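Subject: Structure for you to look at

Hello,

Here is the structure I said I would pass on. My notes on it follow below.

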Amino acid sequence: MTDAETADLLPAEADSVPYAVGCFLAAILLFAAMDTLIKFLTAGYPVPQLMFVRSLVAFLLVGGYTLWRGGGLAAMRTRRPWGHVWRAFAGLISMGCFFYAFRELPLADVYVLSFAGPLFITALSAPLLGEPVGWRRWAAVVVGFGGVVVMAQPSAGAPLVPVLVGLCAALFYALAALAVRGLSRTETSASIVLYLLLTTTVVSGVLTVPVWTAPTADALGLMALVGVLGAGAQVLLTQAFRRAPPAVVAPFEYTGMVWASLFGWVVFGDLPTAPVLLGAMVIIGSGLYILHRETMVARRRLGS
């Protein structure tokens with residue numbers, strides 16, 4: 001889930017930038033811990049099974065919270081069911097590709113690839129949503145994808161298949177985010193979240209049946225913890241975007257690279273290579289420039 005998907009799950013409160021930044025940093029930390037557990041569990045359990053348990057736990061938590069707030073079935077009403085289907089399957093494919101990439105690549109490498117998501121969003125917002133994208137932002141997108149090429153080292157015999165799968169995950173993440181942007185014009189945030197979780201739970205549950213591996217009690221607890229960490233991170237993310245403008249907190253997303261590198265080293269003994277770090281700097285720089293341009297354009301629109 002993104003901040004747009006969970007926007008009405010918590011009450012709005014007064015702006016507080018330090019509090020918002022603190023919530024956002026805590027959310028990124030929880031996401032990194034969740035991804036570390038996913039990578040750890042993929043060594044012994046199939047990807048569909050992990051997706052199923054994560055989605056089921058998140059669905060129960062978010063659904064229970066929605067009912068507790070009194071939203072009930074009214075929050076699930078929709079005028080665009082096929083829009084929810086497309087958004088859910090884009091999210092499902094993105095999740096599956098990320099889980100596979102976590103199994104095959106160091107955490108830091110996957111995080112670098114995930115940073116291509118905002119680049120895809122910028123590149124696709126023009127043809128899919130009709131939003132104007134200036135030449136400066138197009139140039140930043142091209143440079144950012146150059147960073148992906150640097151990281152992948154195609155001429156050095158790097159494992160290209162996991163890299164391409166990770167890049168595919170970022171692409172479908174972008175498609176899902178753009179779908180959310182379109183759905184948010186007519187749908188409630190709760191319906192976007194719950195239809196996503198319901199779809200991923202059902203589909204991954206079907207895929208899990210032929211490959212189910214009986215988990216130990218400890219492994220089952222860790223699988224459930226993945227869902228809890230994800231839900232907690234989403235709550236913190238929502239609070240952050242409620243308390244401060246997105247342009248203020250979004251740049252702190254790149255702190256995830258620090259946590260991914262630290263957890264990857266402590267838990268798996270992986271350290272980012274020089275090409276990965278160089279590619280990360282190029283991608284992060286491109287993403288921050290796109291964020292800067294988006295902020296400038298938004299200010300001009302408000303001033304006109």
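Please keep in mind that this is a predicted model.

Salt bridge. Glu104 is partly exposed, having a relative accessible area of 37%. Arg103 is also partly exposed, with a relative accessibility of 36%. The side chains of Arg103 and Glu104 form a salt bridge, with 3.0 Å from N to O. Searching the whole structure gives 1 salt bridge.

Helix packing. Helix H2 covers residues 47-68 and helix H8 covers residues 189-208; the two pack at an angle of about 150°, and their axes are 8 Å apart. H2 is therefore roughly antiparallel to H8, since an angle over 145 degrees counts as such. The crossing of H2 and H8 is left-handed. On the H2 side, the residues making the contact include Met51, Phe52, Leu56, Phe59 and Val62. On the H8 side, they include Val193, Leu194, Leu197, Leu198 and Thr201. The residues of this contact comprise 13 nonpolar, 9 polar and no charged ones.

Ile121. This residue sits in helix H5, which spans residues 116-129. With a relative accessible area of 16%, Ile121 is buried, because the cut-off for buried is under 20%. Leaving aside residues up to four places away in sequence, Ile121 touches Tyr173, Ala174, Ala177, Leu178 and Arg181. Ala170 is 49 residues from Ile121 along the chain, and the C-alpha atoms of these two are separated by 9.4 Å.

Regards

Methods. Residues numbered from 1 in each chain as written. Predicted model: local features only at pLDDT ≥ 70, side-chain atom pairs only at ≥ 80, totals over all residues. Heavy atoms only, no water. Axes fitted to C-alpha atoms, helices over the stretch in contact; angles between N-to-C directions. Helix = DSSP H or I, 4+ residues; strand = E, 2+ residues; numbered from the N terminus. Parallel < 35°, antiparallel > 145°, perpendicular 65-115°, else oblique. Left-handed = near helix turned anticlockwise from the far one by under 90°. Contact = heavy atoms within 4.5 Å. Nonpolar A, V, L, I, M, F, W, Y, C, P; charged D, E, K, R; others polar. Salt bridge = Lys/Arg side-chain N within 4 Å of Asp/Glu carboxyl O. Buried < 20%, exposed > 50% of the residue type's maximum accessible area, 1.4 Å probe, protein only.
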